[in-house]
Amino acid sequence: QVQLVESGGGLVQAGGSLRLSCAASGGTFSSYVMGWFRQTPGEEREFVTAITRNGRTYYSDSVKGRFTISRDNAKNTVYLQMNTLKVEDPAGYYCAGDQYITPFIYMLRVGSEYDYWGQGTQVTVSS
């Protein structure tokens, strides 16, 4: 059973930066497509970014140019570097992984395609 544990959330001023981490255990991390999603209360879960097994990355338009996803297979960890945070970025950020997802953007952005999820980490941005 794969377990994903996020960390790194917190409070930051608008324009600031945070780096989220997602540590994986219980599976062959290098074989997993990994993604980050975010959700605010009362809203639907929103795709943020994903990284394929070979390191290809995809971003939502709302974060492109500000956020960067990366993975370290030796550490079984995926990272989300968030720069120039805006007041519309606060949410619970969730790490997701799947071994069999088709690595095309129309699949990667669909949360139900991922089998494994972390518990989430909260990001708050003050103006």
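Predicted model: local features only at pLDDT ≥ 70, side-chain atom pairs only at ≥ 80, totals over all residues.

Four strands make up an open sheet, arranged in the order β1-β3-β8-β7 with antiparallel pairing; strands here are DSSP runs of E with at least two residues, numbered from the N terminus, and two of them pair if DSSP finds at least two bridges between them. Because β1 (3–7) and β7 (67–72) stand at the edges with a single partner strand each, one side of each is left without a neighbour in the sheet. Direction ignored, neighbouring strands of this sheet are turned against each other by 15 degrees on average, the axes being lines fitted to C-alpha atoms.

Residues are numbered from 1 along each chain as its sequence is written, and side-chain values use heavy atoms, with hydrogens and water left out.

In strand β4 (residues 33–39) lies R38, which counts as buried because its relative accessibility is 6% (buried means under 20% relative accessible area, exposed over 50%, partly exposed in between, with a 1.4 Å probe and protein chains only). Not counting residues up to four places away in sequence, R38 touches residues including E44, F67 and Y93, where contact means heavy atoms within 4.5 Å.

S127, in the segment after β11 (121–126), counts as exposed at 82% relative accessibility. Leaving aside neighbours within four places in sequence, S127 is in contact with A14 and V87.

Definitions and conventions. Axes fitted to C-alpha atoms, helices over the stretch in contact; angles between N-to-C directions.
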